[in-house]
Number of protein chains: 2
Amino acid sequence: MTPDRPLRADAARNRALLLAAAADEFAEKGLEASVADIARRAGVGKGTVFRHFPTKDDLIAAIVLDRVEVLGALGTHLLDAPDPGTALLEFLTAAAQQRQQQDLSFLQEAGDSLPAIVESRTRMYQTIHNLVDRARDHGAIRDDITGTDVILLMCAPNYVTGYVPDAPPDLWRRYLALIFDGLRPEGAHPLPQPPPTL
Amino acid sequence: MTPDRPLRADAARNRALLLAAAADEFAEKGLEASVADIARRAGVGKGTVFRHFPTKDDLIAAIVLDRVEVLGALGTHLLDAPDPGTALLEFLTAAAQQRQQQDLSFLQEAGDSLPAIVESRTRMYQTIHNLVDRARDHGAIRDDITGTDVILLMCAPNYVTGYVPDAPPDLWRRYLALIFDGLRPEGAHPLPQPPPTL
DNA sequence: CCATAAGCGGACCGCCCGGTCAACTTGTTA
DNA sequence: TAACAAGTTGACCGGGCGGTCCGCTTATGG
């Protein structure tokens, strides 16, 4: 599989150009950004796009894979931080920051078929579970919260600020803090539903 | 404006059929549900759709208006409830329930041009502000939370459960409870950003 | 019950999209 | 530097979309 002879120099450059242009274009126009526009933005012909990525979905998958890997690496690194509570908060902060700079959340579901993505994402999810377990053991968050809970809530701060036109760029911090307060042991009320699994 | 001669009986029936079919179709397929499919589902010709709603956006606007009105009426009613804290929670529960039954959140931005919608929505937002003020005065939620905060957080429970495949239908209640715990006075930490305005 | 206008339907239009392809250009390697 | 494979390009294709239009049907009021 993937004999992977190295790309020609110009081809490699074009591929990188394309990935960046596509990310920008998707961030600006959403899922319906057209392949033609992406090609124009990257300064290449439309045919070149399809040479590198057989379908539009493949292009999306490549972008998603990049981002998941970055986040996963950060999470792994934070597993060694001294304070488990702040480590978790830092991870959530970084995730929100990544999304604030470029909101590509609507691309997530695209890569569910590509094994490389589900694998990388699974690894990242496992890391989050570890971060959460550490924080819980340390008493930084309440007992009835699971890693899955945190995975789900992770994206909420950016989501809610999306409804504010011309929101200050750091507004998501307000809602991350608010939600994180809900995760703390103090003042916790019993939850009406069991946690889900992914 | 709108001389509004009453609709012929069959036309009124078709209009209602169309609205229901469109809501179902959008809920199933998202924004890109086609007008042709909506017409088929309602059992009418495509031309009939455009007779009632000059553009697809007008159709969307009509749906959105309906839902906003329903929610606004409920909020107004809850202003008279005895306990302000549970009144607010009940409102949030109802909003989440509406969205759980049929997620049409992606249609929201469509009606921003239609004055009737922004007016109705503004009224509903004002009601939420009143509900929140009452709850805050009563000590049910922390001092640094505004009505706008609640408006933004309102949709988060459904949003986060959207990431769970085959989620139990009441899972949103878990996250509503969790977020609501973050709004409570107990264990509140200072928030890093001022509240936004809409 | 009939005349009439309100309502209906679906073929049709132009547009834009994702994807293909064959002619052309260019990096690579011996 | 020559020869070839790798890469590029944009015209082109089929299809689906929102929206139009006009001949037909039908509810309605006198």
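Buried area is the accessible area, found with a 1.4 Å probe, that two parts lose on being put together, summed over both. In this predicted model, chain A and chain B bury about 3,400 Å² between them, and 67% of that area is on carbon and sulfur atoms. As for conventions, residues are numbered from 1 along each chain as its sequence is written, and chains are lettered from A in the order in which they are written. Because the model is predicted, local features need pLDDT of at least 70 and side-chain atom pairs count only at pLDDT 80 or more, while totals for chains, interfaces and linings use all residues, and side-chain values use heavy atoms, with hydrogens and water left out.

The interface can also be described through its residues. With contact taken to mean heavy atoms within 4.5 Å, 38 residues of chain A are in contact with 38 residues of chain B. Across this interface there are 4 salt bridges, a salt bridge being a side-chain nitrogen of Lys or Arg within 4 Å of a carboxyl oxygen of Asp or Glu. Arg142(B) forms a salt bridge with Asp181(A), and the closest N and O atoms of this pair are 2.9 Å apart.

Turning to chain A itself, the secondary structure comes to 9 helices and 0 strands, where helices (H or I, at least four residues) and strands (E, at least two) are DSSP runs numbered from the N terminus. The C-alpha atoms of chain A fill a box of roughly 60 × 45 × 30 Å, taken along the principal axes. Of the contacts in chain A with a separation of 6 or more, 67% are accounted for by residues 24 or more positions apart. Buried residues, meaning those under 20% relative accessible area with a 1.4 Å probe and protein chains only, make up 47% of the 198 residues in chain A.

Leu59(A) lies in helix H4, residues 56–78, and counts as buried because its relative accessibility is 1%. Not counting residues up to four places away in sequence, Leu59(A) touches Leu19(A), Ala22(A), Ile38(A), Val49(A) and Phe53(A). Leu59(A) and Leu18(A) are 41 residues apart in sequence, with 8.9 Å between their C-alpha atoms.

Thr93(A) is found in helix H5, residues 84–101, and also counts as buried, because its relative accessibility is 17%. Leaving aside neighbours within four places in sequence, Thr93(A) is in contact with Trp172(A), Arg173(A) and Leu176(A).

Terms used:
Buried means under 20% relative accessible area, exposed over 50%, partly exposed in between (1.4 Å probe, protein chains only).
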